[in-house]
Amino acid sequence: MSTFVAEYDIKKRINRLGWALTIMCGVMVLMTVVNEMVYASLVIVGKEKLTISLGAFFESFFYMSMFLIPASLYFAMGGQNYSEPIRFRLKLPKYLPLILLSGIGVIMSASMVNDWFCDFIGFSLPMVDTAQYMSDPEIFALYMTLSLAPAFAEELLFRGVVYSNLRPYGKTYAILVSSLMFALMHQNAAQLFYTMVAGVILALVYEATDSIWTSILLHMCNNLYAVLQTAILYRFDEASASAIIYLAHGLLIFLGAISTICLLIIKKNADQKKKGTDEICSEGAFGIHRAEIKNIGGHHLPLGQGFKILLACPGMMTYIVISLLSVVMSVIIL
(Lines give C-alpha, C1' and ligand atoms only; values in the text may rest on other atoms or scores of the structure.)
Protein backbone atom coordinates (compact mmCIF):
# COMPACT_ATOMS: atom_id res chain seq x y z
CA MET A 1 0.00 0.00 0.00
CA SER A 2 1.40 3.41 -0.97
CA THR A 3 2.13 6.06 1.64
CA PHE A 4 -0.52 8.32 0.08
CA VAL A 5 -3.25 5.66 0.32
CA ALA A 6 -2.22 4.75 3.88
CA GLU A 7 -2.32 8.39 4.99
CA TYR A 8 -5.71 8.82 3.31
CA ASP A 9 -7.08 5.82 5.25
CA ILE A 10 -5.65 7.17 8.52
CA LYS A 11 -7.19 10.61 7.96
CA LYS A 12 -10.51 9.05 7.06
CA ARG A 13 -10.60 6.98 10.25
CA ILE A 14 -9.44 9.79 12.55
CA ASN A 15 -11.91 12.18 10.95
CA ARG A 16 -14.73 9.69 11.56
CA LEU A 17 -13.65 9.39 15.19
CA GLY A 18 -13.67 13.18 15.47
CA TRP A 19 -17.21 13.51 14.10
CA ALA A 20 -18.39 10.76 16.46
CA LEU A 21 -16.90 12.69 19.42
CA THR A 22 -18.43 15.93 18.13
CA ILE A 23 -21.81 14.19 18.01
CA MET A 24 -21.14 13.13 21.60
CA CYS A 25 -20.87 16.81 22.59
CA GLY A 26 -24.23 17.54 20.96
CA VAL A 27 -25.86 14.51 22.59
CA MET A 28 -24.45 15.66 25.96
CA VAL A 29 -26.27 18.97 25.68
CA LEU A 30 -29.50 17.34 24.50
CA MET A 31 -29.50 14.62 27.16
CA THR A 32 -28.67 17.11 29.91
CA VAL A 33 -31.69 19.20 28.97
CA VAL A 34 -33.97 16.16 28.71
CA ASN A 35 -32.71 14.80 32.04
CA GLU A 36 -33.41 18.13 33.78
CA MET A 37 -36.93 18.14 32.32
CA VAL A 38 -37.58 14.57 33.48
CA TYR A 39 -36.24 15.29 36.97
CA ALA A 40 -38.34 18.46 37.23
CA SER A 41 -41.43 16.45 36.23
CA LEU A 42 -40.69 13.84 38.93
CA VAL A 43 -40.32 16.58 41.55
CA ILE A 44 -43.68 18.05 40.56
CA VAL A 45 -45.32 14.62 40.90
CA GLY A 46 -43.91 14.37 44.43
CA LYS A 47 -43.06 11.19 46.35
CA GLU A 48 -39.45 11.90 47.26
CA LYS A 49 -38.23 8.28 47.36
CA LEU A 50 -39.71 7.55 43.93
CA THR A 51 -38.09 10.72 42.58
CA ILE A 52 -34.68 9.60 43.86
CA SER A 53 -34.85 6.07 42.44
CA LEU A 54 -36.39 7.03 39.10
CA GLY A 55 -34.14 10.08 38.86
CA ALA A 56 -31.04 7.88 39.26
CA PHE A 57 -32.38 5.46 36.64
CA PHE A 58 -33.13 8.15 34.07
CA GLU A 59 -29.87 9.98 34.73
CA SER A 60 -27.92 6.75 34.22
CA PHE A 61 -29.86 6.03 31.01
CA PHE A 62 -29.29 9.51 29.62
CA TYR A 63 -25.63 9.48 30.63
CA MET A 64 -24.97 6.18 28.87
CA SER A 65 -26.78 7.50 25.79
CA MET A 66 -24.24 10.32 25.56
CA PHE A 67 -21.51 7.78 24.77
CA LEU A 68 -23.30 4.76 23.31
CA ILE A 69 -25.03 6.79 20.57
CA PRO A 70 -21.77 8.22 19.12
CA ALA A 71 -20.06 4.83 19.53
CA SER A 72 -22.83 3.18 17.49
CA LEU A 73 -22.75 5.95 14.90
CA TYR A 74 -19.00 5.50 14.44
CA PHE A 75 -19.51 1.92 13.29
CA ALA A 76 -22.53 2.92 11.22
CA MET A 77 -20.53 5.63 9.41
CA GLY A 78 -17.74 3.26 8.41
CA GLY A 79 -19.12 -0.25 8.57
CA GLN A 80 -17.65 -3.24 10.36
CA ASN A 81 -15.09 -3.91 7.62
CA TYR A 82 -13.46 -0.52 8.20
CA SER A 83 -13.48 -0.54 12.00
CA GLU A 84 -11.60 -2.36 14.73
CA PRO A 85 -13.87 -4.43 16.99
CA ILE A 86 -14.24 -3.78 20.71
CA ARG A 87 -12.47 -6.55 22.65
CA PHE A 88 -15.19 -8.18 24.76
CA ARG A 89 -12.97 -11.01 25.99
CA LEU A 90 -14.90 -12.57 28.89
CA LYS A 91 -12.09 -14.46 30.61
CA LEU A 92 -10.45 -12.01 32.98
CA PRO A 93 -6.69 -12.26 33.74
CA LYS A 94 -5.50 -14.24 36.73
CA TYR A 95 -3.60 -11.20 38.01
CA LEU A 96 -6.75 -9.05 38.03
CA PRO A 97 -6.46 -7.93 41.72
CA LEU A 98 -2.89 -6.72 41.10
CA ILE A 99 -3.96 -4.91 37.92
CA LEU A 100 -6.85 -3.17 39.69
CA LEU A 101 -4.78 -2.15 42.72
CA SER A 102 -1.96 -0.90 40.51
CA GLY A 103 -4.33 1.13 38.35
CA ILE A 104 -6.19 2.63 41.31
CA GLY A 105 -2.90 3.50 43.02
CA VAL A 106 -1.54 5.39 39.99
CA ILE A 107 -4.84 7.16 39.25
CA MET A 108 -5.21 8.16 42.91
CA SER A 109 -1.64 9.50 42.99
CA ALA A 110 -2.41 11.59 39.90
CA SER A 111 -5.61 12.82 41.55
CA MET A 112 -3.74 13.95 44.66
CA VAL A 113 -1.09 15.75 42.57
CA ASN A 114 -3.92 17.35 40.59
CA ASP A 115 -5.67 18.49 43.80
CA TRP A 116 -2.47 19.85 45.35
CA PHE A 117 -1.65 21.83 42.21
CA CYS A 118 -5.18 23.25 41.97
CA ASP A 119 -5.03 24.27 45.64
CA PHE A 120 -1.60 25.84 45.08
CA ILE A 121 -2.87 28.07 42.27
CA GLY A 122 -6.20 28.65 43.99
CA PHE A 123 -8.29 26.88 41.38
CA SER A 124 -10.92 24.24 42.14
CA LEU A 125 -14.29 22.92 41.09
CA PRO A 126 -17.31 23.94 43.18
CA MET A 127 -18.69 21.03 45.21
CA VAL A 128 -22.37 20.22 44.95
CA ASP A 129 -23.36 20.13 48.62
CA THR A 130 -26.23 17.63 48.43
CA ALA A 131 -24.81 14.35 49.73
CA GLN A 132 -25.09 15.52 53.34
CA TYR A 133 -28.88 15.26 53.02
CA MET A 134 -28.83 11.80 51.44
CA SER A 135 -29.91 8.57 53.08
CA ASP A 136 -28.07 5.31 52.41
CA PRO A 137 -30.47 4.35 49.55
CA GLU A 138 -29.80 7.73 48.01
CA ILE A 139 -26.05 7.16 48.29
CA PHE A 140 -26.59 3.88 46.45
CA ALA A 141 -28.47 5.77 43.73
CA LEU A 142 -25.52 8.16 43.52
CA TYR A 143 -23.25 5.13 43.08
CA MET A 144 -25.42 3.86 40.24
CA THR A 145 -25.26 7.25 38.53
CA LEU A 146 -21.62 8.20 39.12
CA SER A 147 -19.94 4.79 39.10
CA LEU A 148 -21.68 2.15 37.02
CA ALA A 149 -23.05 4.21 34.11
CA PRO A 150 -19.89 6.25 33.38
CA ALA A 151 -17.59 3.24 33.76
CA PHE A 152 -19.52 1.21 31.19
CA ALA A 153 -20.37 3.93 28.68
CA GLU A 154 -17.13 5.92 28.74
CA GLU A 155 -14.97 2.81 28.38
CA LEU A 156 -16.95 1.54 25.40
CA LEU A 157 -16.41 4.83 23.57
CA PHE A 158 -12.91 5.91 24.55
CA ARG A 159 -11.13 2.58 24.93
CA GLY A 160 -13.41 0.31 22.91
CA VAL A 161 -13.87 2.64 19.93
CA VAL A 162 -11.30 5.47 20.01
CA TYR A 163 -8.28 3.53 21.31
CA SER A 164 -9.03 0.36 19.33
CA ASN A 165 -9.35 2.24 16.06
CA LEU A 166 -6.13 4.19 16.59
CA ARG A 167 -4.18 1.12 17.75
CA PRO A 168 -3.15 -0.04 14.23
CA TYR A 169 -1.10 3.15 13.90
CA GLY A 170 0.96 2.57 17.04
CA LYS A 171 0.32 1.80 20.70
CA THR A 172 1.89 5.00 22.07
CA TYR A 173 0.02 7.15 19.56
CA ALA A 174 -3.29 5.43 20.37
CA ILE A 175 -2.76 5.79 24.13
CA LEU A 176 -1.86 9.49 23.97
CA VAL A 177 -4.62 10.53 21.56
CA SER A 178 -7.41 8.49 23.21
CA SER A 179 -6.34 9.77 26.66
CA LEU A 180 -6.28 13.38 25.44
CA MET A 181 -9.75 12.99 23.92
CA PHE A 182 -10.94 11.43 27.18
CA ALA A 183 -9.53 14.33 29.23
CA LEU A 184 -11.12 16.92 26.92
CA MET A 185 -14.48 15.15 27.25
CA HIS A 186 -14.67 16.23 30.91
CA GLN A 187 -14.59 19.84 29.68
CA ASN A 188 -13.08 21.49 32.75
CA ALA A 189 -9.55 22.68 33.48
CA ALA A 190 -9.44 21.35 37.04
CA GLN A 191 -9.58 17.73 35.87
CA LEU A 192 -7.41 17.78 32.72
CA PHE A 193 -4.22 16.33 34.24
CA TYR A 194 -5.96 13.74 36.39
CA THR A 195 -8.25 12.48 33.63
CA MET A 196 -5.37 12.39 31.13
CA VAL A 197 -3.39 10.11 33.46
CA ALA A 198 -6.49 8.00 34.13
CA GLY A 199 -7.01 7.65 30.37
CA VAL A 200 -3.43 6.42 29.93
CA ILE A 201 -3.82 3.82 32.71
CA LEU A 202 -7.18 2.60 31.41
CA ALA A 203 -5.77 2.26 27.88
CA LEU A 204 -2.75 0.32 29.19
CA VAL A 205 -5.05 -2.02 31.11
CA TYR A 206 -7.20 -2.57 28.02
CA GLU A 207 -4.07 -3.24 25.96
CA ALA A 208 -2.54 -5.60 28.54
CA THR A 209 -5.65 -7.68 29.21
CA ASP A 210 -7.28 -7.54 25.75
CA SER A 211 -10.67 -7.06 27.43
CA ILE A 212 -12.88 -3.99 27.75
CA TRP A 213 -14.39 -5.54 30.90
CA THR A 214 -11.12 -5.06 32.79
CA SER A 215 -10.92 -1.34 32.05
CA ILE A 216 -14.65 -1.02 32.87
CA LEU A 217 -14.04 -2.71 36.23
CA LEU A 218 -11.07 -0.46 37.01
CA HIS A 219 -13.05 2.64 36.02
CA MET A 220 -15.98 1.49 38.15
CA CYS A 221 -13.77 0.88 41.21
CA ASN A 222 -12.20 4.32 40.85
CA ASN A 223 -15.63 5.99 40.62
CA LEU A 224 -16.97 3.93 43.52
CA TYR A 225 -14.11 5.15 45.70
CA ALA A 226 -15.06 8.75 44.87
CA VAL A 227 -18.67 8.05 45.88
CA LEU A 228 -17.51 6.45 49.15
CA GLN A 229 -15.42 9.55 49.90
CA THR A 230 -18.52 11.67 49.45
CA ALA A 231 -20.46 9.43 51.83
CA ILE A 232 -17.66 9.55 54.44
CA LEU A 233 -17.51 13.34 54.29
CA TYR A 234 -21.16 13.58 55.34
CA ARG A 235 -21.29 10.66 57.76
CA PHE A 236 -18.42 11.80 60.01
CA ASP A 237 -17.17 15.06 61.44
CA GLU A 238 -14.55 16.94 59.39
CA ALA A 239 -11.51 15.75 61.38
CA SER A 240 -12.57 12.09 61.38
CA ALA A 241 -13.55 12.14 57.69
CA SER A 242 -10.21 13.68 56.69
CA ALA A 243 -8.31 11.10 58.74
CA ILE A 244 -10.25 8.18 57.23
CA ILE A 245 -9.82 9.48 53.67
CA TYR A 246 -6.09 10.19 54.02
CA LEU A 247 -5.56 6.77 55.60
CA ALA A 248 -7.45 5.12 52.73
CA HIS A 249 -5.45 7.17 50.20
CA GLY A 250 -2.15 6.11 51.74
CA LEU A 251 -3.13 2.45 51.97
CA LEU A 252 -4.36 2.26 48.38
CA ILE A 253 -1.30 4.07 47.01
CA PHE A 254 0.99 1.74 48.98
CA LEU A 255 -0.87 -1.37 47.76
CA GLY A 256 -0.84 0.08 44.26
CA ALA A 257 2.93 0.55 44.34
CA ILE A 258 3.47 -3.03 45.57
CA SER A 259 1.10 -4.36 42.89
CA THR A 260 2.88 -2.38 40.18
CA ILE A 261 6.24 -3.82 41.22
CA CYS A 262 4.77 -7.34 41.21
CA LEU A 263 3.31 -6.85 37.72
CA LEU A 264 6.64 -5.55 36.39
CA ILE A 265 8.41 -8.61 37.80
CA ILE A 266 5.78 -10.92 36.29
CA LYS A 267 6.13 -9.20 32.91
CA LYS A 268 9.92 -9.36 33.01
CA ASN A 269 9.87 -13.10 33.81
CA ALA A 270 7.29 -13.74 31.07
CA ASP A 271 9.37 -11.82 28.51
CA GLN A 272 12.51 -13.75 29.45
CA LYS A 273 10.66 -17.04 29.22
CA LYS A 274 9.31 -16.09 25.79
CA LYS A 275 12.81 -15.20 24.56
CA GLY A 276 14.09 -18.56 25.73
CA THR A 277 11.77 -20.57 23.48
CA ASP A 278 11.78 -21.03 19.72
CA GLU A 279 7.99 -21.07 19.59
CA ILE A 280 6.09 -18.05 18.39
CA CYS A 281 3.99 -17.09 21.39
CA SER A 282 0.76 -15.17 20.82
CA GLU A 283 0.18 -14.59 24.54
CA GLY A 284 0.88 -11.39 26.39
CA ALA A 285 2.87 -11.02 29.58
CA PHE A 286 -0.17 -11.88 31.70
CA GLY A 287 -1.17 -15.02 29.79
CA ILE A 288 -3.68 -13.31 27.52
CA HIS A 289 -4.27 -14.78 24.09
CA ARG A 290 -4.51 -11.77 21.83
CA ALA A 291 -6.89 -11.21 18.97
CA GLU A 292 -5.19 -9.95 15.83
CA ILE A 293 -5.50 -6.29 14.93
CA LYS A 294 -6.84 -6.06 11.41
CA ASN A 295 -4.42 -3.24 10.53
CA ILE A 296 -6.68 -1.77 7.85
CA GLY A 297 -4.39 0.48 5.89
CA GLY A 298 -2.48 0.93 9.10
CA HIS A 299 1.19 1.45 9.80
CA HIS A 300 2.93 2.76 12.87
CA LEU A 301 3.10 6.55 12.79
CA PRO A 302 5.83 8.72 14.24
CA LEU A 303 4.13 10.80 16.93
CA GLY A 304 4.82 14.08 15.16
CA GLN A 305 3.30 12.86 11.92
CA GLY A 306 0.37 11.31 13.75
CA PHE A 307 -0.55 14.54 15.55
CA LYS A 308 -0.06 16.52 12.34
CA ILE A 309 -2.58 14.25 10.59
CA LEU A 310 -4.96 14.53 13.57
CA LEU A 311 -4.91 18.34 13.43
CA ALA A 312 -5.67 18.21 9.69
CA CYS A 313 -8.96 16.33 10.22
CA PRO A 314 -12.02 18.65 10.36
CA GLY A 315 -14.04 16.27 12.53
CA MET A 316 -11.32 15.92 15.17
CA MET A 317 -10.53 19.65 15.14
CA THR A 318 -14.21 20.46 15.63
CA TYR A 319 -14.30 18.23 18.73
CA ILE A 320 -11.06 19.71 20.11
CA VAL A 321 -12.23 23.31 19.60
CA ILE A 322 -15.63 22.65 21.23
CA SER A 323 -13.98 20.93 24.19
CA LEU A 324 -11.33 23.63 24.65
CA LEU A 325 -14.01 26.32 24.56
CA SER A 326 -15.84 24.43 27.32
CA VAL A 327 -12.59 24.23 29.31
CA VAL A 328 -12.08 28.01 28.93
CA MET A 329 -15.71 28.60 30.00
CA SER A 330 -15.15 26.46 33.10
CA VAL A 331 -12.24 28.71 34.06
CA ILE A 332 -14.18 31.92 33.41
CA ILE A 333 -17.23 30.74 35.36
CA LEU A 334 -15.10 29.70 38.33
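1. Helices are here DSSP runs of H or I with at least four residues, numbered from the N terminus. With that in mind, the place of Gln 187 can be stated plainly: this residue comes just after helix H5 and takes a positive phi of about 55°. The model is a predicted one, and the phi value, like every other value in this note, should be read as belonging to that prediction.

2. As to the overall fold, the chain has 10 helices and 0 strands, so that term for term its elements run α-α-α-α-α-α-α-α-α-α from the N terminus on. Of the 334 residues of the chain, 44% count as buried. Among contacts between residues at least 6 apart in sequence, 81% join residues that are at least 24 apart.

3. Helix H5, which covers residues 171-185, has 15 residues and reaches 21 Å from its first C-alpha to its last, close to the 21 Å expected at 1.5 Å a residue. The helix is mostly covered, with 11 of its 15 residues buried. Among these buried residues are Tyr 173, Ile 175, Val 177 and Ser 178, and the list also includes Met 181, Phe 182 and Met 185 towards the end of the helix.

4. As a general matter, nonpolar side chains in soluble globular proteins tend to be buried together.

5. The structure holds 9 aromatic pairs. In one of them, Tyr 163 and Tyr 206 are arranged edge-to-face, at 5.9 Å centre to centre and with 65° between the planes. This pair links distant parts of the chain, since Tyr 163 is in helix H4 (residues 136-166) and Tyr 206 is in helix H6 (residues 192-209), 43 residues apart. Both tyrosines are buried. Elsewhere, ring pairs link Tyr 63, Phe 67, Phe 158 and Phe 182 into a cluster.

6. Two arginines lie over aromatic faces. Arg 159 lies over the face of Phe 182, at 4.4 Å from the ring centre, while Arg 16 lies over the face of Tyr 74, at 4.1 Å from the ring centre.

7. Val 205 is also found in helix H6. It counts as buried because its relative accessibility is 9%, and the cut-off for buried is under 20%. Not counting residues up to four places away in sequence, Val 205 touches Ile 99, Asp 210, Thr 214, Ser 215 and Leu 218. The C-alpha atoms of Val 205 and Ile 216, which are 11 residues apart along the chain, are separated by 9.8 Å.

8. Helix H9, residues 303-311, has two contrasting faces. Gly 306, Ile 309 and Leu 310 are buried, and they lie on the same side of H9 because they cover an arc of only 100° around the axis. An α-helix has 3.6 residues a turn, so residues three or four places apart point the same way. The face of H9 turned away from the buried side carries the exposed residues Gly 304, Lys 308 and Leu 311.

Terms used
Residues numbered from 1 in each chain as written. Predicted model: local features only at pLDDT ≥ 70, side-chain atom pairs only at ≥ 80, totals over all residues. Heavy atoms only, no water. Buried < 20%, exposed > 50% of the residue type's maximum accessible area, 1.4 Å probe, protein only. Arc of directions from axis to C-beta. Phe/Tyr/Trp six-rings, centres within 6.5 Å; stacked < 30°, edge-to-face > 60°. Lys NZ or Arg CZ within 6 Å of the ring centre and 35° of its normal. Contact = heavy atoms within 4.5 Å. Expected span 1.5 Å × (residues − 1).
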